[in-house]
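Here's a short tour of one protein model for you to follow along with. Keep the sequence and the 3D view open while you read.

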Amino acid sequence: RVRDATAFVHTQDHAETDLLDSLDYAAHEGGFAAAADLLGAAPALYHSDTSVPESPKTQTLAEEVRRIVRGRAANPKWIRGMTRHGYRGAAEITRCLDPLVGFAVTVPERFDRQFDLLFDATLGDADIDRFLCEANPAAREAMAAGFAGAIERGLWQPRRNTVTVTLAEARP
């Protein structure tokens, strides 16, 4: 069935979460894409938001990932709001990266620009980086390792050479 599929649609029926809240979305949607690829298939991937039943919204999985990165994960207003929550806020900021990596590993689209945006809004921003270091050093270290790992695995080609220098300095 996976080999013969021409499309995959994942429906999300609640507005409280998004694709970068959990690795589950990458495991489910991206996992299907990876399985199809192994079988020689390339079905279209869609994400459908039915949290407002009278106004469902469906777009490609890649478009939804891009929307969430811009709208929340790399949004300075959201990040500043998380800084009011100290340790837990730092954890919330950093937990967006693992699902982005999960999608980069499993779907055919590239997310270089989304990695750039997330890096610039977090470790690339001196104030946010300082907040992460002070509020939750383990989360900050994990984020630095996650960005570095994405580069090492060829999942992210940063647009600026300074990113690799910053990450090299950030690693223990």
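## Starting point: leucine 23

Let's begin with leucine 23, which has its place in helix α1. Helices here are DSSP runs of H or I with at least four residues, strands are runs of E with at least two, and both are numbered from the N terminus. This is a predicted model, where local features need pLDDT of at least 70 and side-chain atom pairs count only at pLDDT 80 or more, while totals for chains, interfaces and linings use all residues. Residues are numbered from 1 along each chain as its sequence is written, and side-chain values use heavy atoms, with hydrogens and water left out.

Is leucine 23 buried, partly exposed or exposed? Leucine 23 counts as partly exposed because its relative accessibility is 45% (buried is under 20% relative accessible area, exposed over 50%, partly exposed in between, using a 1.4 Å probe and protein chains only). Leaving out residues up to four places away in sequence, leucine 23 touches Asp98 and Pro99 (contact means heavy atoms within 4.5 Å).

## The sheet

Three strands make an open sheet in the order β1-β2-β3, with mixed pairing (two strands pair if DSSP finds at least two bridges between them). At the edges sit β1 and β3 (57-60), each pairing on one side only. On average, neighbouring strands are turned by 20° against each other, direction ignored (axes are lines fitted to C-alpha atoms, for helices over the stretch in contact, and angles run from 0 to 180 degrees between N-to-C directions).

Now zoom in on β1 (residues 7-12): Phe8, His10 and Gln12 form its covered face, while Ala7, Val9 and Thr11 are on the uncovered one. β1 and β2 (residues 44-49) run parallel, joined by six bridges. Across from threonine 11 you'll find serine 48 of β2, and valine 9 stands opposite tyrosine 46.

## Helices on the sheet

Helix α1 lies across β1 and β2, running at about 170° to β1. Helix α2 (residues 61-73) also packs on the sheet, where it touches β2 and β3, and its direction makes about 105° with that of β3.

Finally, look at helix α7 (residues 126-135), where Ile128, Asp129, Phe131 and Leu132 are buried. Seen down the axis, these buried residues fall within an arc of 160°, so they line one face of α7 (the arc is that of the directions from the helix axis to the C-beta atoms). They pack against α3 (76-83), α4 (86-94), α6 (112-121) and α8 (137-152). The face turned away from the buried side carries the exposed Ala126, Asp127 and Glu134.
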